[in-house]
Amino acid sequence: MYRDPVESLEPLHHRQAAIRTLRVGMIGIGTVGSGTFRVLARNRADIAARAGRSIELVMVAARNLERAAGIVGDSVALTADAMHVATHPDIDVVVEVAGGTGPARDWVLAAIAHGKHVVTANKALLAVHGAEIFAAAREKGVIVAYEGAVAVSIPIIKALREGLAANRIEWVAGIINGTTNFILSKMRDEGLDFAAALAQAQALGYAEADPSFDIEGIDAAHKLTLLAANAFGMPLRFADAQVEGITALQGVDVACAEQLGYRIKLLGVARRQAAGVELRVQPVLVPAAHLMAQVNGSMNAVMVKSDAAGLTMYYGAGAGSEQTASAVIADLVDVARLDGVHAAQHVPHLGVHAHATNALAVLPRAAVHTSHYLRVPVHALDQIQAIAAGLAERKVPVRQVALAAERPGVGPQVLVLTGPVEQGALDLAVHALQARAEVAGPVTTLRVESLEG
Ligand code: HSE
């Protein structure tokens, strides 16, 4: 009699696991948790078809049980004790969407210790405690999946882990914080002030519980840390990232950048250099005609430069309830498919060398090599050549010099675009420039990213 060779070789317990419902326990039912509940319920049949088994939310831990009951009804067991979900024997996978790096670390480690897979959208937790969490997961042979942690609706982790698996990645750059992109867009397009734009982002559920994580660039740096670990196989080096947010950004620079044909975006950049990796988040000028400059509102976009595929770009919602749920549930589908498969057969959820201690170092700020924009307040319009000459003397390649368009209440300003130069050399040149008699106030510098080769 003919017997399907796959079926006859597959151990019985694997086949049983493959048809059993995947039982999910969720910690947190805020913006992301409630979206996950809704999408799981709405698309139940399609999700089950893709997962090969049904995925059931069986338990939720929430701080406010009454509010949680209002969302999930009586279909799901509720508890105020997150650790109960993390350790409960009837749960196969724990979805951690409560956020924070304190108790969330204990819950995730407890879930792993109890042999459960973990799906999380908690970028801060993984960027800060990821080394410990992934080591524990490796030991136990369970999955920690986190597509929702980075550029929520964009499957960028899957793109790096699987879609681009053939490539040596050269750089990854992206708008990876929805809140700040929303604020910059509102300020530019509608003339809203910073505080009003931030308040709108908070009301729409885009911002972190502590919005300083968004506006100071910390959230983007958490995500960049995860991207770099995937792209380059390096350890999670959040503490070494250079992080600058948008709070110090001045409206006059937004306008002057436009005058030169650029837009200012908060960009996370991880770039491989001969001596290490640049890992940085900062407001930068991107050419106004570039696709990245057209990414507005709470949308995100990530570009990847790799040796075989070349330049690829990914675009989608960077924040939001169901937008994040989409990624969380995609991870649940992966877990449903891979549960019972030996961990050695999974494409790893971190770069292949991410656990090596001698892996790529993060370059210091002084070694970062980019073009720059300078805005130099001067006493008189005819001092433009003196400024250009002062920079050239210090071996800073000057590509373009212009006078800023006149603005009420703003004195004469010389605008400079440089060619690529190391940050250390530029800092010395700016220091010298600052001391010149022609210079009437603090010189502002921002990096320029061409996002091309
Ligand atoms: N606060 C984050 C953002 C949420 O604005 O991008 C999504 O990670």
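The model is predicted: local features need pLDDT of at least 70, side-chain atom pairs count only at pLDDT 80 or more, and totals for chains, interfaces and linings use all residues. Residues are numbered from 1 along each chain as its sequence is written, and side-chain values use heavy atoms, without hydrogens and water.

Start with the largest pocket. Its volume is about 1200 Å³, the space filled by probe spheres set on grid points joined across faces, edges and corners. A pocket is an open set of points on a 1 Å grid over the protein atoms alone, where a 1.4 Å probe fits, with protein on both sides within 12 Å along at least five of seven lines; lining residues have an atom within 4 Å of a point. Of the 47 lining residues, Val 97, Ala 98, Gly 99, Gly 100 and Ala 209 are closest to the centre.

The ligand sits in this pocket, in that more than half of its atoms lie within 2 Å of the grid points. Around the ligand are 13 residues, each with a heavy atom within 4 Å of it. Lys 123, Gly 178, Thr 179, Tyr 206 and Glu 208 come nearest.

Now the polar contacts (pairs of N or O atoms within 3.5 Å). A polar backbone atom of Gly 178 lies 2.7 Å from a ligand oxygen. Asn 177 places a polar side-chain atom 3.4 Å from an oxygen of the ligand.

Methods: Polar contact = N/O pair within 3.5 Å; in protein donor to acceptor, adjacent residues only side chain to side chain.
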